[in-house]
Amino acid sequence: MQRKNVTITDSEWMVMRAIWTMGHATSRELIDAMNELEGWSASTTKTLLHRLIQKQAVAQHGGSRPFTYKPVVGEKESMAATADDLFDHMCAMRAGSTIADVIQSRELSRADIANLQAILAEKAKTAPEEVQCNCLPGDQTC
């Protein structure tokens with residue numbers, strides 16, 4: 001899947017997670033899943049699905065009902081784009097502590113931890129002593 005920069009709401013994320021998990025789904029499957037997970041009505045799920053189609057995050061397949069819906073954007077790519085967007089909106093000096101906070105607040109497998117350790121060991125080879133503030137031009141810092 002190609003990396004598209006699609007901005008979606010929290011509710012749309014819930015629908016996307018269901019579609020990514022299922023791989024493809026009919027509207028009935030999505031309606032049932034979202035009703036069970038979130039207590040949403042059929043019209044709420046249909047509205048969110050329609051928005052995702054308009055944003056080209058989901059594609060509708062089939063010539064007649066029941067239509068099948070498939071993701072156009074990948075889950076991993078969407079998460080990476082969202083994380084990049086978050087970090088682009090904060091001071092570069094705060095990125096490390098924010099990543100540490102996220103790591104402390106999430107359950108990670110041993111494989112995840114080993115992967116992070118390898119990435120950090122490699123990153124440490126070229127890391128500056130201190131990351132510079134990128135909030136304002138010039139010598140001002142946070």
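Glu122 is partly exposed at 47% relative accessibility, where partly exposed lies between buried (under 20% relative accessible area) and exposed (over 50%), with a 1.4 Å probe and protein chains only. The model is predicted, so local features need pLDDT of at least 70, side-chain atom pairs count only at pLDDT 80 or more, and totals for chains, interfaces and linings use all residues. Residues are numbered from 1 along each chain as its sequence is written, and side-chain values use heavy atoms, without hydrogens and water.

Glu122 forms a salt bridge with Lys125, with the closest N and O atoms 3.0 Å apart. A salt bridge here is a side-chain nitrogen of Lys or Arg within 4 Å of a carboxyl oxygen of Asp or Glu. Lys125 is exposed, at 63%. The structure holds three salt bridges.

Another joins Glu12 and Lys55 (2.7 Å, N to O). This pair links distant parts of the chain, 43 residues apart: Glu12 lies in helix H1, Lys55 in the loop between H3 and strand E2 (58–61). Helices (H or I, at least four residues) and strands (E, at least two) are DSSP runs, numbered from the N terminus. Glu12 is buried at 1% relative accessibility, whereas Lys55 is partly exposed at 31%.

Arg28 and Asp32 also meet in a salt bridge (3.0 Å, N to O). Both lie in helix H2 (residues 27–38), four residues apart. Arg28 is partly exposed at 48%. Asp32 is partly exposed at 40%.

Glu12 also belongs to a helix contact (heavy atoms within 4.5 Å). In H1, Ser11, Glu12, Val15, Met16 and Ile19 meet Leu48, Leu49, Arg51 and Leu52 of H3.
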